[in-house]
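Work through the exercises below with the structure open. Try each task before reading its solution.

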Amino acid sequence: MAKTYDYLFKLLLIGDSGVGKTCILFRFSEDAFNTTFISTIGIDFKIRTIELDNKKIKLQIWDTAGQERFRTITTAYYRGAMGIMLVYDITQEKSFENIKNWIRNIEENAAADVEKMLLGNKCELNDKRQVSKERGEQLAVEYGIKFMETSAKASINVEEAFLTLASDIKAKTEKRMEANNPPKGGHQLKLTEIRTKDSWLSRCSLL
Amino acid sequence: MNTSVRYERCQQIQLGVLPESQVGVTMPDPDMPQGTGNVLCTHDGVLLKKAIAEHIAELNTSGSLSLVEYTLPRRRLYLEWQPNDSIMVANDSQDQGDWALVDRISGRTRTSSECNAFNTKPVELGSNGNGGGLMATRARIMRALMDDLAAVEVGNRGQTIRFLRKSDSGVHCEFFFHNGNAELFLRSMRQQHFIESSETSRNGSEEYAILNTENQKLKKTFTELDIDEIKARQLPRESWLPHKLVSIFGTIPDYVQPSFQRSPKSRPNSLVHGDRQTSPDQHYQIIKMSGSTNSACSSNSHSRGESADKSPADAELDNLNAQDEKIVNNLPARQSVHRGQALNEKQWLEFRMDDGRISDSMRVKELIFRGGIVPSLRAEVWKYLLNYNQWSDTEQERIERRKQKSVEYYTMKAQWLSMTKTQESNFSGYRDRKCQIEKDVKRTDRSQEFYAGENNPNLELLQGILMTYVMYNFDLGYVQGMSDLLAPILENQVNEVDAFWCFVGFMDMVLGNFDMDQADMKTQFALIRRLLEVANAPLFNYLCSHDSDNMYFCFRWLLVWYKRELDNDDVLRLWECLWTRLPCANFHLLISVAILDQETNVIIDRKYEFTEILKHVNELTGAIDLKCTLETAEAIYLQLKASEALPNDIRHIIGQPLLPPAASEERNGSENDETTNSDDGFDELRELTPEEKRRNQMLLEEAYERSLILHHI
């Protein structure tokens with residue numbers, strides 16, 4: 001029940017319907033792929049704990065319904081997110097075009113400093129490709145965020161993407177902790193104190 | 001940052017070690033609190049701005065503000081502030097906190113604050129190794145007995161709160177909320193009936209009156225009281241009624257003292273007895289024993305495991321509390337309900353008259369509600385339930401109608417089939433709908449044999465019907481979830497025309513679920529919340545105190561009527577039962593209440609927070625016992641229905657006749673005084689006005705946001 005970890009990061013997967021958000025999550029959390037997936041209704045999340053630089057990081061990854069209609073519900077979940085994966089489908093031009101709308105959505109609803117990353121999913125379908133890798137890279141540069149092409153089906157870059165995002169959040173968090181809690185003072189927190197039960201209290205590691 | 005550390009500390013404040021001079025407040029009696037306090041709510045990032053001289057060194061220090069209940073030597077409630085040197089408030093936390101979530105509720109501060117009622121059991125100090133560190137902090141606690149405070153004011157746009165002394169109305173202490181979220185603290189206090197809104201609003205600040213311990217209990221009890229309990233008796237202007245409450249009750253012409261005649265003098269000071277923070281599971285058991293699940297405030301000292309050494313006074317108190325329970329437990333006991341047999345062919349033939357009309361459609365629906373339909377009859381009977389066939393049509397009329405509906409269907413189908421490539425490329429609204437349908441058809445019920453495999457022609461049928469529905473109702477178009485609703489119908493009807501019109505009938509029942517603004521879904525959350533409040537108060541209270549009462553975790557349940565939660569056969573059983581719209585049109589909401597009812601112990605015992613509840617609920621898929629759920633839902637319905645004193649808004653939800661207007665007329669006077677205060681507990685007595693509904697909706701959304709703040713940041 002009660003797990004110990006050093007950090008809890010809340011991540012969010014967003015992007016058009018059908019780009020493979022749930023599959024990416026399933027690949028990352030279960031290392032599996034299922035062709036008979038069902039559309040996501042509402043919101044769900046999965047948990048996986050990873051280790052980076054000897055720190056246990058619990059990733060709570062939220063998967064959202066992609067259709068516009070549900071945004072009043074799903075955007076509500078943006079707020080606590082520390083990292084957001086923007087996913088498009090390289091075989092669906094439209095899903096790529098819509099990334100800018102998703103970015104706007106983030107700007108309106110998420111924290112200003114939330115870590116973002118762009119994923120072009122279904123890269124195993126090269127013959128059906130509508131969006132070149134270069135365009136993906138270019139868009140990422142435009143927004144100043146990292147980019148990867150992934151394949152949940154062929155298990156390409158999914159693990160790497162999450163580790164990258166988590167690592168960036170970790171760096172940012174630790175930087176902030178240091179700034180707020182100079183090492184010379186007598187009140188420095190030990191990481192062991194941060195380790196806590198699996199509850200909202202764990203947000204202590206997030207401030 | 002180090003919330004966990006601070007949290008433990010808050011929980012384990014041991015008193016008695018504090019030098020008298022450090023106690024920040026006039027303590028009227030020498031009996032200082034001892035032992036461990038029970039933290040009812042706590043809040044970080046709170047700067048002490050004003051206090052008596054002893055605490056001058058702590059001014060402008062950040063700390064945590066808590067409400068702590070001590071049981072020794074007497075049960076008392078204290079306001080406590082303690083500096084917490086290691087608490088850090090991130091510089092940019094305020095920026096983060098000010099995101100606008102949903103535009104219409106903008107302007108409220110949303111920050112990374114917490115203010116939570118814990119269901120904690122006191123923990124003895126020394127159980128961790130931080131004892132030494134705690135000592136230093138403890139010595140600097142500023143503590144005020146709530147009974148010594150008269151009022152609390154919030155000002156400076158929710159950033160400052162100040163407590164006023166009872167003795168001279170002077171400022172006792174003032175706090176600055178780093179994150180501008182003082183209102184969360186107040187809301188928590190108000191929810192637990194420690195304070196109540198006061199009309200005063202000078203220089204734009206809000207003021208709340210602090211209820212003394214007796215009044216807290218009273219207030220809490222009365223919020224649960226029902227009109228019929230109150231009616232037909234005389235209002236005693238007893239001295240123990242605080243003048244504010246008297247003024248509220250005074251406007252109800254015939255409010256009365258409960259029948260067991262408690263004398264005002266017999267209510268001892270310590271009446272604060274264990275009402276607030278009892279362990280919820282025990283709470284639940286107590287209610288079960290009293291034969292009803294409608295007690296929001298009942299509980300007694302047993303639930304604290306303190307029954308061992310009880311003085312006669314305590315015993316008397318328990319007695320009073322037990323009687324309190326009786327007052328509020330106004331729902332009759334829940335009766336067990338049993339499902340019946342499915343409507344079979346023989347029965348159906350009996351209802352079918354010679355000319356093809358169906359006699360006694362009401363009886364047919366009752367049978368279906370009670371036991372469903374045998375599978376072989378479904379294709380035919382569903383057409384009636386879904387308003388495709390009319391019960392009163394003769395066979396001839398039915399054939400005619402079917403012909404006509406068939407023409408209509410193919411006309412609409414031809415419209416999209418004849419769409420040219422150019423038309424399509426110039427018509428983004430159409431294109432988007434089509435694209436979404438294509439995506440979803442591929443992933444709808446593919447594990448069902450009917451839709452399994454590549455190039456399955458049934459997928460094309462599914463798509464065709466959804467496309468035709470787009471032409472039938474272009475404004476709604478296609479929304480995710482609709483394919484889930486159609487798939488079992490198509491599988492059952494096979495014929496696409498029949499499937500389409502049956503689907504139309506189903507959609508007519510659930511159109512609101514797919515509203516652009518999701519307003520109807522939010523209304524349904526609010527109704528479930530309200531039903532739960534009446535039908536399962538322990539769970540309701542638990543959810544409230546864990547900021548999970550927004551009911552958002554019911555989203556998937558409601559959107560596709562439990563399709564994702566049940567296996568296919570059960571989906572059919574449930575839907576045909578719900579399609580009868582018996583015993584009330586909102587029975588699908590009672591299904592949610594029934595599922596939650598079955599999960600009550602799990603949620604409370606495992607102390608689930610919002611995210612865990614969501615996860616638990618999402619993982620119930622495949623684990624819901626439909627028969628039991630249907631029986632529970634009906635039992636709850638019958639229980640509510642049998643309650644004579646059921647509030648009108650609940651009557652409205654379950655389709656019962658409202659209380660006679662006389663009852664609401666009597667209340668007009670009080671409405672005038674208290675229209676702005678929906679927390680007075682009396683809004684149950686009448687139907688909600690649109691304004692109040694909006695307000696309720698807003699409260700619900702606030703609750704939702706609060707839960708997000710608490711659990712996801």
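The model is predicted.

**Exercise 1.** Work out how helix α4 of chain A is placed relative to strands of chain A.

*Solution.* Step 1: find residues 99–109 of chain A, which form helix α4. Step 2: look at the strands under the helix; α4 lies across β1, β4 and β5 (115–121) of chain A. Step 3: compare directions; α4 runs at about 160 degrees to β4(A).

**Exercise 2.** Give the strand order of the open sheet in chain A, and explain which strands stand at the edges.

*Solution.* Step 1: the 6 strands follow the order β2-β3-β1-β4-β5-β6, with mixed pairing. Step 2: β2 (43–52) and β6 (146–149) of chain A each have a single partner strand, so one side of each has no neighbour in the sheet. Step 3: from one strand to the next, the twist averages 25 degrees. Step 4: take one pair inside this order; β1 (residues 7–15) and β4 (residues 83–89) of chain A are parallel, with 5 bridges. A:I14 has A:L86 in β4(A) as its bridge partner.

**Exercise 3.** Check the span of helix α22 of chain B against its number of residues, then describe its surroundings.

*Solution.* Step 1: α22 covers residues 568–579 of chain B, and at 1.5 Å a residue its 12 residues should span 16 Å. Step 2: the end C-alpha atoms are 16 Å apart, which agrees. Step 3: 9 of the 12 residues are buried, so counted because 20 or more other C-beta atoms lie within 10 Å of their own. Among them are B:L572, B:W575 and B:W579. Step 4: the buried residues pack against α11, α12, α17, α23 and α25 of chain B. Step 5: after the helix comes B:R581, with a positive phi near 60 degrees.

Methods:
Residues numbered from 1 in each chain as written. Chains lettered and ligands numbered in written order. Predicted model: local features only at pLDDT ≥ 70, side-chain atom pairs only at ≥ 80, totals over all residues. Pairing = 2+ DSSP bridges. Helix = DSSP H or I, 4+ residues; strand = E, 2+ residues; numbered from the N terminus. Axes fitted to C-alpha atoms, helices over the stretch in contact; angles between N-to-C directions. Contact = placed C-beta atoms within 7 Å. Expected span 1.5 Å × (residues − 1).
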